[in-house]
Amino acid sequence: MNDTSKPLDAIRKMSMSDGKTAMVERYRNHFLKEVTDNVEEGEWVNMCMQCGVCAGSCPLGNAWAHPPQEIFMMIRAGKRQEVLTSDSMWMCTSCYNCIVRCPRKLPITHIMHGLARYAERLGLAPKNQPTRKFAMMFWDNITKTGRANEVTLGIRLYFMHGFIKGIKTALKMLPVGLNMIKTKRMSPLGLVAHQGCKGKNDITKLLKKAREIEEARMKKH
Ligand code: SF4
Ligand code: SF4
């Protein structure tokens with residue numbers, strides 16, 4: 001972990017512990033209101049008529065513990081812990097099938113991601129869920145310089161489940177990596193000198209400000 005990641009991690013941890021206690025107290029027994037006030041597009045949950053079209057349209061829904069329709073029903077039933085610790089929101093691939101088909105035009109994809117992010121902020125998201133882990137890795141990677149570093153991201157991803165497994169995956173993916181280098185889609189120099197975007201030093205400041213605005217908005221409710 002380099003220096004640029006420290007302020008972001010500190011902000012994230014602070015928000016988790018402070019936010020967790022405050023939210024539980026403020027919305028005790030009012031989970032729907034909590035979602036409405038704090039989750040991106042959460043106000044739409046109340047519009048769901050439980051027709052099940054989203055669950056039936058989701059290409060991965062069968063593999064989830066709770067497809068969107070069920071998550072929305074659980075929110076309305078006040079099942080706070082079950083919803084916020086669920087790994088279902090982290091399985092959404094943003095294919096937008098559900099949004100296109102929902103007769104009530106709910107922004108389902110955005111709500112699912114909003115719930116995942118909210119659970120993460122409260123420190124309730126399932127720590128070992130693979131797509132959550134990758135999302136966190138990608139966020140850390142891209143916010144360092146404003147541009148994804150495929151080399152370091154790939155290495156972290158391959159070695160996520162241990163050294164031996166990492167070596168095996170790296171060897172398996174070697175032809176893909178070499179082709180990416182050959183076609184200039186990836187540079188091995190990324191390991192030592194990754195080229196970030198213009199104004200990369202402002203990214204931490206920008207994210208800190210965005211977090212402050214979000215915190216202020218949440219305090220209003
Ligand atoms: S398709 Fe829309 S209205 Fe129907 S269950 Fe899903 S979110 Fe609710
Ligand atoms: S956007 Fe997410 S929730 Fe909606 S159908 Fe696709 S994977 Fe399922």
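Predicted model: local features only at pLDDT ≥ 70, side-chain atom pairs only at ≥ 80, totals over all residues.
1. Residues are numbered from 1 along each chain as its sequence is written, while chains are lettered from A and ligands numbered from 1 in the order in which they are written.

2. Ligand 1 is surrounded by 15 residues, and Cys48, Cys51, Val53, Cys54 and Cys102 are the closest. A residue counts as near the ligand if its C-beta atom, placed from the backbone, lies within 6 Å of it.

3. Helices H3 (53–57) and H4 (68–76) each give at least two residues to this shell, and H4 has the largest share, with 3 residues. Helices here are DSSP runs (H or I, at least four residues), numbered from the N terminus.

4. By class, the shell has 11 nonpolar, 3 polar and 1 charged residues. Nonpolar means Ala, Val, Leu, Ile, Met, Phe, Trp, Tyr, Cys and Pro; charged means Asp, Glu, Lys and Arg; the others, Gly among them, are polar.

5. Do look at tyrosine 96, in the loop between H5 (80–84) and H6 (97–101). Tyrosine 96 is not a glycine, yet its phi is positive, about 70 degrees. Tyrosine 96 is partly exposed, with 14 other C-beta atoms within 10 Å; buried means 20 or more such atoms, exposed 12 or fewer, and partly exposed in between, with C-beta atoms placed from the backbone.

6. Lysine 105, in the loop between H6 and H7 (108–121), also has a positive phi, near 60 degrees. Lysine 105 is exposed, with 11 other C-beta atoms within 10 Å.
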